[in-house]
Amino acid sequence: MRVIIVKNAEEMGKKAANLIAEEMKEKTSFILSLATGSTPLPLYKDFIKRNKAGEMDFSTVITFNLDEYVGLDPAHNQSYRYFMNKNLFDHINILKKNTHVPNGMAEDIDASCKEYEKMIDEIGGIDYQVLGIGGNGHIGFNEPGSSIGSLTRVKTLTDETISDNARFFEKKEDVPTQAITMGIGTIMKTKKVVLLASGANKADTVKAALEGPITSMCPASALQLHRFATYVITEDCAAKLTLNYETV
Ligand code: F6R
């Protein structure tokens, strides 16, 4: 596991963009899996800057988002489709038809989850996975207790996640209680992973994920078994780590 400690969230975004851009250069078609939430926003800003400067071309990139709330229409301003369009896709030269977000409105949700997983497999798998981490150690919406071998499916959100995400909604009761998420097993199949975390409030979680035991109670700890997982984290977020890591 590679751990890179950076000064602040802006540097975190830049560093992660560097890692992904290097990898993109090597491929004619690139399969990228993306997260939502506050943490990856500096990365998406950096992607937009590089794309506008002609340094990064997304015209042949295919994306798969990690997750989507069940019951939110893509046009809803808190849906993850809406988030991705607003914060990234509308500002880069990606083809919208090449962007995939799980369908939280599918009539047969289980079938649509299976189909999502199949699409990823059939395209040859994900080249680079971007992750954030929840306060409870979740990745995607794989809440504590999720099977480490799990594939794309519906998960019921924990109270902690509902409270964390209430900041994006008018009131807590508006937060959907279920979401479709790529599984931990889906994430483990990806070729490379970069997990981003910023802020002192994630310091305990990052310590548990990196230096604690591998356990379904801290889903991100499964990445200890991934062959190419990199954490890019801010200094304040790394404050509780005890081993020596790369500092830039
Ligand atoms: C969202 C996702 C979640 C978030 C996590 C952290 O697509 O995958 O696991 O990454 O909840 O959210 P923020 O970045 O808002 O702290």
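**Strand pairs, rings and pockets**

Guide: Start at Asp67: its bridge partner in strand 8 is Thr181. Keep in mind that this is a predicted model.

Visitor: What makes strand 4 and strand 8 a pair?

Guide: Pairing needs at least two bridges between two strands. Strand 4 and strand 8 are joined by three bridges, and they run antiparallel. The three bridges meet the cut-off, so the two strands pair.

Visitor: How do you know that strand 7 pairs with strand 8 as well?

Guide: Count the bridges again. Strand 7, residues 153–156, has four bridges to strand 8. At least two are needed, so this is a pair too. The two strands run antiparallel. Thr156 stands opposite Gln178 of strand 8.

Visitor: Which residues of strand 7 are on its covered face, and which on its uncovered one?

Guide: Arg153 and Lys155 make up the covered face. Val154 and Thr156 make up the uncovered one.

Visitor: Where is the parallel pairing?

Guide: In an open sheet of eight strands, ordered 5-3-2-6-9-10-1-11.

Visitor: Why are strand 5 and strand 11 called edge strands?

Guide: Strand 5 (99–100) and strand 11 (246–247) each pair on one side only. Inside the order, strand 1 (residues 2–6) and strand 10 (residues 229–234) run parallel, joined by five bridges. There, Ile5 stands opposite Ile233 of strand 10.

Visitor: What holds strands of a sheet together in pairs?

Guide: Backbone hydrogen bonds, in either a parallel or an antiparallel arrangement.

Visitor: On to the rings. How many aromatic pairs are there?

Guide: A search of the whole structure gives seven.

Visitor: Why is the pair of Tyr69 and Tyr80 called tilted?

Guide: First the distance: the ring centres are 4.9 Å apart, and the limit is 6.5 Å. Then the angle: the planes stand at 45 degrees. Stacked needs under 30 degrees and edge-to-face over 60.

Visitor: How do you know whether Tyr69 and Tyr80 are buried or exposed?

Guide: Set each value against the cut-off for buried, under 20% relative accessible area. Tyr69 has 1%. Tyr80 has 10%. Both values fall under 20%, so both residues count as buried.

Visitor: What makes the pair of Tyr69 and Phe169 edge-to-face?

Guide: The centres of these rings are 5.8 Å apart, and their planes are at 80 degrees. Phe169 is buried, like Tyr69.

Visitor: Which residues form one aromatic cluster with Tyr69?

Guide: Tyr80, Phe141 and Phe169.

Visitor: How do you know that the charged end of Lys192 sits over the ring of Phe228?

Guide: The distance from the charged end to the ring centre is 5.1 Å. Lys192 is counted as sitting over the ring of Phe228.

Visitor: Why is Ser163 called partly exposed?

Guide: Ser163, in helix 5, has a relative accessible area of 37%. Buried is under 20% and exposed over 50%, so 37% falls in between. From Ser163 to Ser29 the distance is 38 Å, C-alpha to C-alpha.

Visitor: What lines the largest pocket?

Guide: This pocket holds about 660 Å³ of space. Its lining has 32 residues, with Gly37, Ser38, Asn165, Arg167 and Phe168 the closest to the centre. Helix 3 gives the most, five residues. The lining divides into ten nonpolar, 16 polar and six charged residues.

Visitor: And what lines the second largest pocket?

Guide: Its volume is about 150 Å³. The lining includes Ala21, Met24, Lys25 and Glu55. Helix 1 (residues 9–25) gives the most, with three residues. Five of the lining residues are nonpolar, two polar and four charged.

Terms used
Residues are numbered from 1 along each chain as its sequence is written. This is a predicted model: local features need pLDDT of at least 70, side-chain atom pairs count only at pLDDT 80 or more; totals for chains, interfaces and linings use all residues. Side-chain values use heavy atoms; hydrogens and water are left out. Rings of Phe, Tyr and Trp (its six-membered ring) pair if their centres lie within 6.5 Å; planes under 30 degrees apart count as stacked, over 60 as edge-to-face and the rest as tilted. Buried means under 20% relative accessible area, exposed over 50%, partly exposed in between (1.4 Å probe, protein chains only). A charge sits over a ring if NZ of Lys or CZ of Arg is within 6 Å of the ring centre and within 35 degrees of the ring normal. On a 1 Å grid over the protein atoms alone, a cavity is a set of points where a 1.4 Å probe fits but cannot get out, and a pocket is an open set with protein on both sides within 12 Å along at least five of seven lines; lining residues have an atom within 4 Å of a point. Grid points are joined across faces, edges and corners, and a volume is the space filled by probe spheres set on the points. Ala, Val, Leu, Ile, Met, Phe, Trp, Tyr, Cys and Pro count as nonpolar, Asp, Glu, Lys and Arg as charged, and the others, Gly among them, as polar.
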